[in-house]
Amino acid sequence: MIKENLHKIKTELPAGVELVAVSKFNSIERIAEAYAAGQRHFGESRVQEFMTKIEVLPADINWHFIGHLQTNKIRQVVGKVALIESVDTEKLLALISKEAEKQGIRQDVLLQIHVAFEETKFGFTPAELHTLINTSPWVKYPGIRLRGIMGMASNTDNEQRITADFKAIRQTFDDILSHHSQYLPDFNIVSMGMSGDWKIALSCGTTSVRIGSAIFGSRMYANH
Ligand SMILES: *Cc1c(COP(=O)(O)O)cnc(C)c1O
């Protein structure tokens with residue numbers, strides 16, 4: 001089933017839109033199955049779980065960290081994931097940069113944005129994001145490479161609401177780029193769209209979708 005689900009989604013994704021298979025709460029075996037079907041980008045949201053998986057799964061997997069990252073767990077993630085998608089405070093950005101500098105690398109990150117009516121409390125508002133960008137974080141935090149932004153739409157069936165949220169996320173990305181592109185040569189990722197809304201995200205200009213249950217089936221949340 002995993003292979004079929006992946007194939008079906010991939011045939012519907014335009015070229016250039018990345019598929020991140022969100023493998024949180026799913027077993028090593030199921031991830032290996034997706035890997036065997038050619039999938040190379042996987043998303044995890046818990047540090048402990050990620051650490052168990054990275055030890056046993058193939059080294060050429062591009063891991064995306066998509067969950068709330070506590071500052072005391074930064075060391076376990078920096079340098080091990082291709083992309084930290086969920087940078088939700090400037091403090092976290094600063095600490096990631098510091099750890100990356102210590103390791104002699106640059107860590108690719110996305111800034112998490114939260115738009116109106118979204119339920120999560122994590123992320124910058126568009127206004128906060130502009131404020132941060134206006135302080136030239138690329139100068140202050142040389143250990144990070146800003147790759148773009150990540151966001152979620154409101155958890156609702158209202159397609160107009162979802163569309164408005166995704167448009168707001170895309171607009172914020174475009175605004176940042178239009179003012180600062182000379183300092184942000186690698187700022188090219190808009191990560192939005194999950195199992196229930198990725199087709200709407202496509203129509204609003206996503207470049208990277210994060211899909212879990214539509215690939216792996218529903219997760220057993222009761223265990224967590
Ligand atoms: C769990 C999760 C997803 C995937 O959700 P599905 O609805 O299973 O596709 C995407 N993004 C984030 C940030 C998540 O935590």
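Which side chains meet in a salt bridge with an N to O distance of 2.8 Å?

Reply: This is a predicted model, in which local features need pLDDT of at least 70 and side-chain atom pairs count only at pLDDT 80 or more, while totals for chains, interfaces and linings use all residues. Residues are numbered from 1 along each chain as its sequence is written, and side-chain values use heavy atoms, with hydrogens and water left out.

The side chains of Asp 108 and Arg 145 meet in a salt bridge, at 2.8 Å from N to O. Asp 108 lies in strand β5 (residues 107-113) and Arg 145 in strand β6 (residues 144-151), so this pair ties together parts that are 37 residues apart in sequence. A salt bridge here is a side-chain nitrogen of Lys or Arg within 4 Å of a carboxyl oxygen of Asp or Glu. Strands (E, at least two residues) and helices (H or I, at least four) are DSSP runs, numbered from the N terminus.

The term buried means under 20% relative accessible area, exposed means over 50%, and partly exposed lies in between, with a 1.4 Å probe and protein chains only.

Asp 108 also forms a salt bridge with Arg 147, where the closest N and O atoms are 2.8 Å apart. This second pair again links distant parts of the chain, with Asp 108 in strand β5 and Arg 147 in strand β6, 39 residues apart. Both Asp 108 and Arg 147 are buried. Elsewhere, salt bridges that share partners join Lys 8, Glu 12 and Lys 199 into one network.

Strand β5 also holds Ile 113, which is buried with a relative accessible area of 0%.

Lys 102 forms a salt bridge with Glu 99, the closest N and O atoms being 3.7 Å apart. Both residues lie in helix α5 (residues 90-103), 3 residues apart, which is about one turn of the helix. Lys 102 is exposed, at 66% relative accessibility, and Glu 99 is buried, at 10%. By the stated rule the salt bridges number 11.

The wider setting is as follows. The protein has 10 helices and 8 strands. Its radius of gyration is 17 Å, close to the 17 Å that the globule rule gives for 224 residues, so the protein is as compact as a globular protein of that length. That radius is taken over C-alpha atoms, and the globule rule is 2.2 Å times the number of residues to the power 0.38. Along its principal axes the C-alpha trace spans about 45 × 45 × 35 Å. Buried residues account for 48% of the 224 residues. Among contacts (heavy atoms within 4.5 Å) between residues at least 6 apart in sequence, 58% join residues at least 24 apart.
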